[in-house]
Amino acid sequence: MQRKRRFEGVVMITQERCKGCTVCVEFCPVHALSMSDAFNQKGYHFPELKDPEKCSGCDLCGMYCPDFAIYAFKREMKEAS
Ligand code: SF4
Ligand code: SF4
């Protein structure tokens, strides 16, 4: 029997705080993040969640970000009706 996922990861990104160091992208254990092609007002690329299904909400990205520009949490998934 296949187990259903009960939690999903939610990632919050404050684009204007980001300095484009890519640490969050490199340390994500499931490669759910990538750097956007867009620039913030400081002229840096910022991360985006390219693969939401992979994200567990572990918040490693948030722990490693030196600029408090990203954090994540787990959210219980709603049952499909
Ligand atoms: S919360 Fe964890 S799995 Fe999700 S993007 Fe951040 S490091 Fe990757
Ligand atoms: S670790 Fe922080 S500052 Fe570096 S790219 Fe990610 S969000 Fe931006």
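Beyond its neighbours within four places in sequence, Ile70 is in contact (C-beta atoms, placed from the backbone, within 7 Å) with Val11, Met12, Ile13, Cys24, Pro47, Cys61, Gly62 and Cys65. The model is predicted: local features need pLDDT of at least 70 and side-chain atom pairs pLDDT 80 or more, while totals for chains, interfaces and linings use all residues. Residues are numbered from 1 along each chain as its sequence is written, with chains lettered from A and ligands numbered from 1 in the order in which they are written.

Ile70 also belongs to the largest nonpolar core, a set of 15 residues in which Val11, Cys24, Leu33, Cys61 and Ile70 have the most contacts. Such a core joins buried Ala, Val, Leu, Ile, Met, Phe, Trp, Tyr and Cys residues through C-beta atoms within 7 Å; buried means 20 or more other C-beta atoms within 10 Å, and exposed means 12 or fewer. Strands E1, E3 (45-49) and E4 (70-76) each give two or more residues to this core.

Pro29 lies in the loop between helix H1 (23-27) and strand E2 (33-39). Pro29 is exposed, because 10 other C-beta atoms lie within 10 Å.

Conventions: Helix = DSSP H or I, 4+ residues; strand = E, 2+ residues; numbered from the N terminus. Contact = placed C-beta atoms within 7 Å.
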